[in-house]
Amino acid sequence: MLGVLEGFGVIAVVVLTGLVMGRTGLLGEHAQRVIAGIVFYLATPTLLFTMIATTDLSFIFSTQLIATGGSAVVCAILLFVLTRWARKRSTGEAMFSAWSVSYVNIGNLGIPIALYVLGDIAYVAPVLLFQLLLLAPIGMAVLDTVRMGKVDHWWSPIFPVLRNPIVLGAVAGIIVSGTGVTVPPVLFDPLSMIGDMSVPGALLAFGLSFSNGWSLPAKGTRRQLTLITTVKLILQPVLAWVIGGPLLGWSGTDLLAIVVTSALPTAQNVYIYAMRYRQSETLVRDSVFITTILSIPAILLCAALLG
């Protein structure tokens, strides 16, 4: 329990630091987008490379990934369909709603929780890889297709995804891990230093987004936020438990890891993507904020029931 609270405490301090920096104007009016660009194009790709390159691929591609990934995919499809066709919203909003319930905060909240609650940071690797190699490319393909308009060939949206720095970093890490190549310290160490900027950078950008204040969500977004929060913090962990426990037979700490990682809130990276595509920024920001606050009792309950 203490580890969960400690993880949230670390996040709160860095987010508040970004808020203070934004309120004081010390970083200038374009600070949020500059920091978000550094996180998206440089820090996160190198973090993924260094983490995956040093992780055993047999652990990453275990059946635990079926439970966490399966629950995420089901929830993402559900939200996309409900938002796009039931609620008649744009494809972009539907995609970011789908990401908001499936793309969990495994990087900056999952890591401390894995370390202090589950006892092994390696539990974050399968989820992180799943998100970056499946959820992110599919979502970016959808968003790039919408942004480009009509495309001449079915494979046209694939090229922007293949050029995406986050995807490239993850793929490079898989290649190094799979081949057993040792990256010389003179290269690996500076990459690790750059990657260390990813988590605090995303949190600072998130804090900067509140520099002009935060109010209750507008009436037009409250129903969507309620839907996102319910699916993210209730349906997804329940589905993860059903798939991981009764169906796949995991138990103990392994099952706890499956459920807890599925109960994590919406990732700040989704907000970085929202700024990158200039789509649904307020909705995603509020989703990150609300699910982060409410995930505290959700994760504590999971730990109490399965710990």
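Asp286 is buried, at 2% relative accessibility (buried means under 20% relative accessible area, exposed over 50%, partly exposed in between; 1.4 Å probe, protein chains only). This is a predicted model: local features need pLDDT of at least 70, side-chain atom pairs count only at pLDDT 80 or more, and totals for chains, interfaces and linings use all residues. Residues are numbered from 1 along each chain as its sequence is written, and side-chain values use heavy atoms, with hydrogens and water left out. The whole structure holds 3 salt bridges (a side-chain nitrogen of Lys or Arg within 4 Å of a carboxyl oxygen of Asp or Glu).

**Salt bridges**

- Asp286 pairs with Arg285, with closest N and O atoms 3.5 Å apart. Arg285 is buried at 14%.
- Arg89 bridges to Glu93 at 2.8 Å between the closest N and O atoms. Arg89 is partly exposed at 22%, whereas Glu93 is buried at 13%.
- Glu281 and Arg33 meet at 3.2 Å, N to O. This pair links distant parts of the chain, 248 residues apart: Glu281 sits in helix α15 (residues 281-306) and Arg33 in helix α2 (residues 31-53). Helices are DSSP runs (H or I, at least four residues), numbered from the N terminus.
- Glu281 is partly exposed at 22%. Arg33 is partly exposed at 34%.

**Thr253**

- Thr253 belongs to helix α13 (residues 252-262). Thr253 is partly exposed, with a relative accessible area of 40%.
- Thr253 touches Leu118 and Tyr123, leaving aside residues up to four places away in sequence (contact means heavy atoms within 4.5 Å).
- Thr253 and Leu118 are 135 residues apart along the chain, yet their C-alpha atoms are separated by 6.6 Å.

Note on methods: Helices (H or I, at least four residues) and strands (E, at least two) are DSSP runs, numbered from the N terminus.
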